[in-house]
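The following paragraphs lead the reader through selected parts of a protein structure. Please keep the sequence and the model in view while reading.

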Amino acid sequence: MRDVKRKFATILASDCVGFSKHMLENEEKTLDSLNACREIIDGFIRKHGGRIFHTAGDSVLAEFDSPVESVNCAISFQEAIFERNEVIAWQSDDKKLVWRVGVHCDDVIFENDNVYGNGVNIAARLEAQCAPGQILVSRLINEQVASRIEAISRAAGTKKLKNISNDFEVFTITTLNTDTIVDDATSEDVEEADRTHKPTLSVLPFKNMNANEDSSFLIDGVFEDILTELSMVRQLSIVSRQSSVNFADSEGELDQFVKQFDVSYLIQGSIRSSGNKVRVTVSLLEAENKEILWSKRFDRDMDDIFEVQDEIVRSVTQAILGEIEVASLNRAKRKPTENMTSYEFLLKGKEGHHTITAEANANALEMFDAAIEADPENAQAYAWKACTMGQGLGRGFIQRPMEEVMPEFSNLMSSALKIDPNDFECHRLLSAVNAMSGKFKVALEHGKKAYDMVPNDPRILQQYGEALLKTGSTKKGCDLTLLALEYDPVAQGQTNSDKRKSDAVFACLLDDRAELGLSIAEEIDERSEQVLLYAAGLAVSKDGSIDPYVWLVDNLKEADSDKIELAIEEMGKYDVVVQSTLREVFLDHITPMKAGRLNA
């Protein structure tokens, strides 16, 4: 079992402004200055009772029991660094380095020596929003320290914290020295860590090097777990599991696959097992010229399979992003279980889930039950059983009535979350279930938790995007929905890209992206009445008429008016303004057109 506990703590996040630029200018002097600054920072953290739990050299994350001590620590080292820079300006040609600090207190998760959770995320986001040389704190921190420190606390309005809040109240903590720092930061200095362009990685299905197929579940499971772990790296875009599997099954040209998904890097691997021994061979390739950047063979006992996966993830991400980005990952160790028997049952169940037949669905449920019996603390087994039950109901594999199944489904989800409140599968499923029942705000909460954990999974991108769209955050919701289409055009269980494209048309309607939405709608092979209605709304918004779109007019002539009206009623659950617009489109454009056809 993992050593995990929760407690309320204060998190201090700090980083060096423009470190990359300074390194390019003079690497040796920058490193000397960095070491000098770190001696100052680390010393004050120890003095004020803090503990550093993450560092990438030019950045520090520390936890404190006391908000007052954490802020006093930040004040002390910012003042000391300011004084050092003043001396440098007069006496030497050493590099002046300026630091930013963010401080927030919240309930956080401690796992061994690691700390993670929203408290860490918000502190890091505050630091990214902070002016060079300043200290930025949350309202919670300010309320506890404003009257107990010698420095000045000033309200700084609200900040948009990426992936956290669009309206977060913040305060600056300034001293006589830090309040006079001249902001000479370049655009690189104030840029957030998340870049607009991210390298795209594809993990191709691992080859089974065994003579028989009995261990295929293990090969597929290790491949999928590595893919999921890499999906947690925010600096990477990951081609979805299904798209990579589809390519491998098609025996298509690798160059075409690389071009289609704009792949920067490829991971290929093979697994050979014998008894309790397993050999995993993994290579990282630069996609354009197929140059091998890194390759390694792991010979391990089956009991060490999780350590093998962790080592692969670390090695691959280091090769792509470098040591600093890897250190900032701060991901949870999501071992589904220490019990390999339970793990094997889990993998066999997932294999059955992905097969999508009635027989495989029933067998998968048995495998998940066996996994739970072998290890009642295997949270993944509960979550995947619930997911497989949902699949069985949706596809007609399970003939029991919904009201009979839902209590069991809810119990499974509750059990999974109780065991591991950070299981992304649970939050993804709960987002979907609540969205279906009209509880969009609850769906949003669970969708965000899943997205924060695994930001590149197209299922999560689509589900969280849907929740955002239906709660008014249309720009981000549309962006995520379009990313799901880009990463995974043919969703798992589908035979073409119609589902992903239909979701994208809905997103474009809500975010008023008429030209893009119409372009995507035209590419759909079989357009539902919902999609036709949305496309009509986009056409009228763009051109004032549906007439310029022959394909749309032809489809609407054959469409079922009752189904179109049902789609209009459905829209009222989450956007009455768009619903009103669609009703006008139906009455003023679609109905007269269909009446003209009937009278022709």
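**Helix H19 and other selected sites**

Helix H19 (residues 498-510) has 13 residues, which at 1.5 Å a residue should span 18 Å, and the 19 Å between its end C-alpha atoms agrees with this. The expected span is 1.5 Å times one less than the number of residues in the helix. Helices (H or I, at least four residues) are DSSP runs, numbered from the N terminus. This is a predicted model, in which local features need pLDDT of at least 70 and side-chain atom pairs count only at pLDDT 80 or more, while totals for chains, interfaces and linings use all residues. Residues are numbered from 1 along each chain as its sequence is written, and side-chain values use heavy atoms, with hydrogens and water left out.

H19 is mostly covered, with 12 of its 13 residues buried. Here, buried means under 20% relative accessible area, exposed means over 50%, and partly exposed lies in between (1.4 Å probe, protein chains only). Among the buried residues of H19 are Asp 498, Arg 500, Lys 501, Val 505, Phe 506 and Leu 510. Just after H19, Asp 512 adopts a positive phi of about 60°.

A pair of helices comes next. The axes of helix H15 (residues 424-436) and helix H17 (residues 458-469) come within 10 Å and cross at roughly 40°, which makes H15 oblique to H17. Axes are lines fitted to C-alpha atoms, for helices over the stretch in contact, and angles run from 0 to 180 degrees between N-to-C directions. Angles under 35 degrees count as roughly parallel, over 145 as roughly antiparallel, 65 to 115 as roughly perpendicular, and the rest as oblique. From H15, Phe 424, Glu 425, Arg 428, Ser 431, Ala 432 and Ala 435 meet Arg 459, Ile 460, Gln 463, Glu 466 and Ala 467 of H17. Contact means heavy atoms within 4.5 Å.

Two single residues complete the tour. Phe 19 lies in helix H1 (residues 19-25) and is buried, with a relative accessible area of 10%. Apart from neighbours within four places in sequence, Phe 19 is in contact with Thr 30, Leu 31, Leu 34 and Asp 58. Between Phe 19 and Ser 59 there are 40 residues of separation in sequence and 9.7 Å in space, C-alpha to C-alpha.

Asn 142 belongs to helix H5 (residues 139-145). With a relative accessible area of 9%, Asn 142 is buried. Beyond its neighbours within four places in sequence, Asn 142 is in contact with Val 137, Ser 153, Phe 171 and Ile 173.

Notes: Helices (H or I, at least four residues) and strands (E, at least two) are DSSP runs, numbered from the N terminus.
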